[in-house]
Each structure stands twice: as C-alpha cells, then as structure tokens.
Amino acid sequence: MKTRGVPNRSFRPEHAEFQVNADLEKLDRAYIRVLGTDGDKLLTEEVKWLAVTHKSFDHGRRGFNERLSFLGKRIVELQASLHMIVASTTTPEPASVDALGREPFKHPALEGLAGLTQQRKEAVLDKKRTAQLADKYGMVGVMRWKPKLV
C-alpha cells in the first residue's frame with residue numbers, strides 16, 4: 001500500500017533558483033570594508049570562502065564555516081568585553097558610602113570591571129545589532145547559503 005505524498009505548499013516556482021555569490025572580487029571588496037586596506041590579502045582564498053559559507057549551501061559538500069563560526073563568536077565576545085572594560089573606565093563610578101567606614105580595594109587593573117555585565121554584553125552582541133553591522137559592511141551580499149524552502 002502506498003501513501004500519497006503531501007505536496008509542498010510553501011514551494012513557489014519564482015524562488016526555485018536561489019543565486020549566491022561566486023564573484024571573488026565582490027568577496028574581496030567585502031573583506032576590505034570589514035578588515036580595512038589590504039583586508040582581502042590577510043586570508044587565503046579558501047579561508048575567505050569558508051568564512052562566508054553556511055552548511056546549507058550545496059548540502060555541505062563544499063567546506064563550510066562551523067568551526068570558524070565558533071572561533072569567530074568567541075573573538076567577537078572577547079572584543080566586546082574588552083571594549084566594555086575600556087569604556088567603563090572613562091566613566092567613573094559613583095562613590096558608595098559604607099556604614100562602617102570601609103573602603104573597597106582599588107587597583108587600576110580592576111577599574112573597568114564594573115561595566116562588564118552579562119546584560120550589557122547581551123545588549124552589545126544582540127543578533128539584530130550584529131545583523132545590521134553585517135549588512136552595513138556588505139557581508140549579506142557575499143554569504144553563501146540556501147534557504148530552507150527552496
């Protein structure tokens with residue numbers, strides 16, 4: 001006994017052919033916008049393509065960026081934390097008065113830690129903000145991926 005297949009109602013013929021970037025010059029221009037002058041020369045061609053390729057592209061037959069993505073996220077988190085520490089040292093904390101007259105330990109290396117909070121870090125690394133940043137630098141036009149319903 002055969003069961004009848006359910007047609008894919010979400011499939012639209014006008015979206016059947018999904019185009020992705022294959023132009024190395026366009027990719028190089030995006031790297032220059034992100035990394036600055038000679039940004040296109042910092043990485044090998046293979047690594048440049050891997051960094052912008054999602055595993056949905058070509059069913060993962062070509063290399064994709066899962067490990068690079070993990071490493072990149074950790075680097076962005078580190079840079080955001082460093083920025084928050086440096087930025088919070090420029091704005092002094094209000095002096096708190098202790099009922100017993102004690103003074104907290106102060107050291108120049110610890111001055112910026114008050115500005116490093118999880119809520120602030122989440123606000124800085126919000127997906128909408130990072131997506132806007134990627135769009136601003138033109139990374140959206142060079143990403144290689146395939147939508148689910150195509």
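**Helices, pocket and core of a predicted chain**

The chain contains five helices and zero strands, where helices (H or I, at least four residues) and strands (E, at least two) are DSSP runs numbered from the N terminus. Along the sequence these elements follow the pattern α-α-α-α-α. The model is a predicted one, in which local features need pLDDT of at least 70 and side-chain atom pairs count only at pLDDT 80 or more, while totals for chains, interfaces and linings use all residues. Residues are numbered from 1 along each chain as its sequence is written, and side-chain values use heavy atoms, with hydrogens and water left out.

The accessible surface of the chain amounts to about 12,400 Å², as computed by the Shrake-Rupley method with a 1.4 Å probe, and for residues only the protein chains shown count as cover. Carbon and sulfur atoms account for 58% of this surface. Of the 150 residues, 15% are buried, a term that means under 20% relative accessible area, whereas exposed means over 50% and partly exposed lies in between (1.4 Å probe, protein chains only).

Rolling a probe the size of a water molecule over the atoms shows where empty space is left. On a 1 Å grid over the protein atoms alone, a pocket is an open set of points, with protein on both sides within 12 Å along at least five of seven lines, and a cavity is a set of points where a 1.4 Å probe fits but cannot get out; lining residues have an atom within 4 Å of a point. Grid points are joined across faces, edges and corners, and a volume is the space filled by probe spheres set on the points. The largest pocket holds about 1,900 Å³ of space. Its lining is made up of 37 residues, with Ser69, Gly72, Lys73, Val76 and Ala134 lying nearest the centre. At least two lining residues come from each of α1 (24–35), α2 (45–51), α3 (66–90) and α5 (127–136), and α3 contributes the most, with 13 residues. By class, the lining comprises 23 nonpolar, seven polar and seven charged residues; here Ala, Val, Leu, Ile, Met, Phe, Trp, Tyr, Cys and Pro count as nonpolar, Asp, Glu, Lys and Arg as charged, and the others, Gly among them, as polar.

In soluble globular proteins, nonpolar side chains tend to be buried together. The largest nonpolar core in this model consists of seven residues, namely Leu27, Ala30, Tyr31, Trp49, Val52, Met139 and Val142, and its largest share, three residues, is supplied by α1. Such a core is a set of buried Ala, Val, Leu, Ile, Met, Phe, Trp, Tyr and Cys residues joined through side-chain atoms within 4.5 Å. Once neighbours within four places in sequence are left aside, Tyr31 is in contact with Gly36, Gly39, Asp40, Leu43, Val47, Lys48, Ala51 and Val52.

Asp40 is placed in the loop between α1 and α2, and it counts as buried because its relative accessibility is 14%. Apart from neighbours within four places in sequence, Asp40 is in contact with Asp28, Tyr31, Ile32 and Lys48. Asp38 also lies in the loop between α1 and α2, but this residue counts as partly exposed, at 42% relative accessibility. Although Asp38 is not a glycine, it has a positive phi of about 60°. Most residues other than glycine have a negative phi, and most peptide bonds are trans.

Not counting residues up to four places away in sequence, Leu125 touches Val76, Glu77, Ala80 and Thr130. The C-alpha atoms of Leu125 and Val76 are 8.3 Å apart, although 49 residues separate them along the chain. Glu77, in helix α3, is partly exposed at 28% relative accessibility, and its C-alpha atom lies 7.6 Å from that of Leu125, across 48 residues of sequence. Beyond residues up to four places away in sequence, Glu77 touches Lys121 and Leu125.

Of the 10 residues of α5, the number buried is zero, so this helix lies largely in the open. Just after α5, Gly138 takes a positive phi of about 80°.

How values were computed. Contact means heavy atoms within 4.5 Å.
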